[in-house]
Amino acid sequence: MKNRKRFKFWKVVRNILFAIVTVCVVWFMIHLVMTKYEQQKYPARGEFVEVEGKQMHVYTKGEGENTIVLLSGLGTPAPAMDFEPLMNELSKTNKVVVVEAFGYGWSETTNRGRTVENIVEETRAALQQSNIKGPYILMPHSISGIYSMYYANRYPDEVKAIIGIDSTLPQMMEYFGESAFPTMPNYMSYLAPSGIARFMVYFQPNEVLPHAEKGTYTEENLRITKAISAWKTYNKNVVAEMNELKNNVDKTKHMTLPSDLPVMIFTPKEDNVFGKSKISFYQTQLQHVNMNQLVVLEGEHYLHWTRYKEMSKYVNGFLDSMSGTVH
């Protein structure tokens, strides 16, 4: 009797495991078919250029005296779509470029390390291959602040100004007394290719979509953002970039924003903690910069989701001040 019960138990377990495996295989096949379909349905907005044997996506809009290069934060799945409202505003009077790094948006993934040197050189190569001439106004969001710091120090003749969107700067961890850098386990890199990321996108769309008022982003934009998030969320390049953060900070923490380089930084309002805040941090970083402006706005880390119109006005005013233009 006991043996019979034990046999029935293991039979049930086997059937459950078989059912789970079957569902996973079916979902994986659905994911592959859907990805192929979406990639044909939603072609890239810009152009592809070859960098280190891989395809990078560069999206350009508008014309003007100034060329603004928008650089995304860590893990933003679809930068060209994420920046779209801000890009639409800025491109009314400027040439605006979104360079999607490897592992982001329509760009391919790469096996190259996500070092600050590689990321900056790839960005430069993409701009040069697209025949987009500098000097550039770098507009980095979040972690791209580190890359922009390196870019400005390594290639000063190619950078006309930096306009940061709540940008991470290499001295930030030390300023706030934080020693542990965030990391991601390598198994996270399997979320996108396995189809698990698609599952998350379907059932938790708010985790990948912008937190903006209805109408800020078009329905088509949101559909594309969801699709690209299913392809690219936490892919191997994003995971590697996070895990390279400490090394990239160590390589750049001796650098400062060049004193003769105009710098504007947007940051959200936040409460002081033991007398320190991002506002006070940015003030320390800007105090030696001859032409600087710190703009504090209501909002969250992705300020461009909700404050893109105000930001565009501030940017244009700052650029006018740089050139001595009076409107």
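Pro 140, Gly 145, Ser 148, Met 149, Ile 162, Gly 164, Ser 167, Leu 169, Leu 257, Val 263 and Ile 265 line the second largest cavity of this predicted model. The lining of the second largest cavity has 7 nonpolar and 4 polar residues, and no charged ones. The space inside is about 50 Å³.

How many cavities does the whole structure hold at 30 Å³ or more? The search finds 2.

Now to the largest cavity. Its volume is about 200 Å³. A set of 17 residues lines the largest cavity. Nearest its centre lie Ala 101, Ile 119, Thr 123, Ser 144 and Tyr 147. The elements giving two or more residues to this lining are α4 (116–129) and α5 (144–154). Which element supplies the largest share? It is α5, with 4 residues. By class, the lining of the largest cavity contains 10 nonpolar, 5 polar and 2 charged residues.

The table sets out the two linings by class.

| Cavity | Volume | Lining by class |
|---|---|---|
| Largest cavity | about 200 Å³ | 10 nonpolar, 5 polar, 2 charged residues |
| Second largest cavity | about 50 Å³ | 7 nonpolar, 4 polar, no charged residues |

Definitions and conventions
Residues numbered from 1 in each chain as written. Predicted model: local features only at pLDDT ≥ 70, side-chain atom pairs only at ≥ 80, totals over all residues. Heavy atoms only, no water. 1 Å grid on protein atoms, 1.4 Å probe; cavity = no way out; pocket = protein on both sides within 12 Å on 5 of 7 lines; lining within 4 Å. Points joined across faces, edges and corners; volume = space filled by probe spheres on them. Nonpolar A, V, L, I, M, F, W, Y, C, P; charged D, E, K, R; others polar.
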